[in-house]
Amino acid sequence: MSVLVSVCDVSLFLPGDPRRKNVLRRIDWRIEQGQHCALLGPNGSGKSTLLRLLAGELWPEKGKILWHGPQGAEDSPLAGRAMTSLISPVQQENCQRQAWDFAGRDLLLTGFEASSLLYSPVQDARRRQAVEHMAARLHATGLLDRSIDTLSQGQLRLLLLGRALLRASPLLLLDECLEGLDATHRKIFSAVLDECAQSCTVIMAVHRPEQIPSWCVHRRFVYDGQLLEAPPRAARKNAALPEKTSPSALHSPFAVASTASRTKGILTDEPLLELENASVYVGRKKILHEITWSMYLNENWQITGANGSGKSTLLRLLAGDEFVAEGGRLTRRLPGHEGPVDTLAAVRRGIRLVSDLSQALYGYSLNALDMVCTGSDNSIGVYRRFSPAERAEALRHMHFLFPEKSPQEVEELGGRPVRHLSTGQIRRLFLARALMGQPDILLLDEPCSGLDESTRTAYLSLLDQLAAQGMHMVFVSHHQEDAPLCINRQAHMEGGRLLLSPAH
């Protein structure tokens, strides 16, 4: 077999890190054509950084990386970018943050040159035909003429996956590629990937082993920045004997006397959230259709539905990021305000949304502790100095969300730039941010996306503890096993309409 990439004793730190701490250490790897490989390891271990190195986006501090193309071995990052295609959560976040107004077809066309935008109309009929064919294979033809800012998280992920496949690169790098896709589209994409794997080599980072295709037989394990052929002994022991944390064994940062104290001023027959004949338009397109729904005390809802059905739009509506069209009504009665609220400022204090999109829009360069502190105002960005009490509260929430870390490790994490952290670490920090100020309702949109198995289990246990203390939740996930135990009501979104399920 021919060699595609040679990584020789490579160590690197992330650009802009004043500590110059290596996140990859002494990496040696020869990637040969046809040797498909799954990268496994916990959040923050360095899997995404390793994929970025292979794609030519990062450069070693020590050691050497060579890409073996038609012209022979080259050490230029441009050679890496020419022979690889990378799809990652960071790439999707960048696409959402830039918010360019172009259609799904144009997004796919940018894949041929690996550019962010089309700088001139594509006249090549073969490329345009290839885009139509790829969209048809992914069952995404209906997305070609849609503006990308109207797409759901899963729909955008599907097009980005198609964009990567269109390049037909020798080396395809996939970072949690199936996260955000519903079960149907996971099967569709997997079938297309099966075909493409016959003509390229696939390296994929995954946290759900059941998503690894049968033809991807090789494994590498990334732990603490090192690339291993087998997981460390301690990791194997923990995997064989998983420990599930009981909610009662954890220490909540909330000083809540009882559930009743959080529901003062709300009658048991009054809904906390009430939608009546509510429709929502996004970019002049009707996304939600005449929804009537109520959420009462002690209810925690799970909303299911396919990509593009309207789940995320519903959560943004409840959070105050979207608005009901004329003829509909949304009423919010928040326990922390002892009744109805009618100002957006009060809504943003009492209802917090945790989602891929809210995370993507937070592109500011600041450290983790400051980012969590912004939850005090529910703002995007820092606009004032935070008080010592606010910073202490933020640290308490971070301790709560990172129970495996010592107080010193949590403080060290708080000083790190947000964009130097893994997707899974940022995911937990955004929940810590949402808990600032003791909100009444959490809206959770695919909150377990990007979390490794042990972190996912702990995260769900923390949600159950919050629910036991009076927090109310609306939870969205494509994975039924990701739902916390506190869920007691369910509804299903279909074509922008909400279908209610019987109470548990």
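These legends describe close-up views of a predicted model.

The model is predicted: local features need pLDDT of at least 70, side-chain atom pairs count only at pLDDT 80 or more, and totals for chains, interfaces and linings use all residues. Residues are numbered from 1 along each chain as its sequence is written, and side-chain values use heavy atoms, with hydrogens and water left out.

View 1. Strand E11 spans residues 273-282. Helices (H or I, at least four residues) and strands (E, at least two) are DSSP runs, numbered from the N terminus. E11 is mostly covered, with 7 of its 10 residues buried (under 20% relative accessible area; exposed is over 50%, partly exposed in between; 1.4 Å probe, protein chains only). E11 runs antiparallel to E12 (residues 285-295), joined by 7 bridges. Two strands pair if DSSP finds at least two bridges between them. Leu 275 has Trp 293 of E12 as its bridge partner. The hairpin leaves 2 residues between the strands, and Gly 283 takes a positive phi near 55°.

**View 2. Strand E11 against strand E14.** E11 also pairs with E14 (residues 329-334). This pairing is antiparallel and covers 4 bridges. Glu 276 stands opposite Arg 329 in E14.

**View 3. The open sheet with strands E6 and E7.** Six strands form this sheet in the order E6-E7-E8-E3-E9-E10, and the pairing is mixed. E6 (84-87) and E10 (226-228) are the edge strands, each pairing on one side only. Neighbouring strands are turned by 20° against each other on average, direction ignored. Axes are lines fitted to C-alpha atoms, for helices over the stretch in contact, and angles run from 0 to 180 degrees between N-to-C directions. E6 and E7 (residues 171-175) pair in the parallel sense over 4 bridges. Ile 87 has Leu 174 in E7 as its bridge partner. Helix H6 (residues 153-166) lies across E6 and E7, at about 175° to E6.

**View 4. Helices H14 and H16.** The axes of H14 (residues 388-401) and H16 (residues 423-434) come within 9 Å and cross at roughly 135°. That makes H14 oblique to H16 (under 35 degrees is roughly parallel, over 145 roughly antiparallel, 65 to 115 roughly perpendicular, the rest oblique). His 397, Met 398 and Leu 401 of H14 meet Arg 428, Leu 429, Leu 431 and Ala 432 of H16 in the contact (heavy atoms within 4.5 Å).
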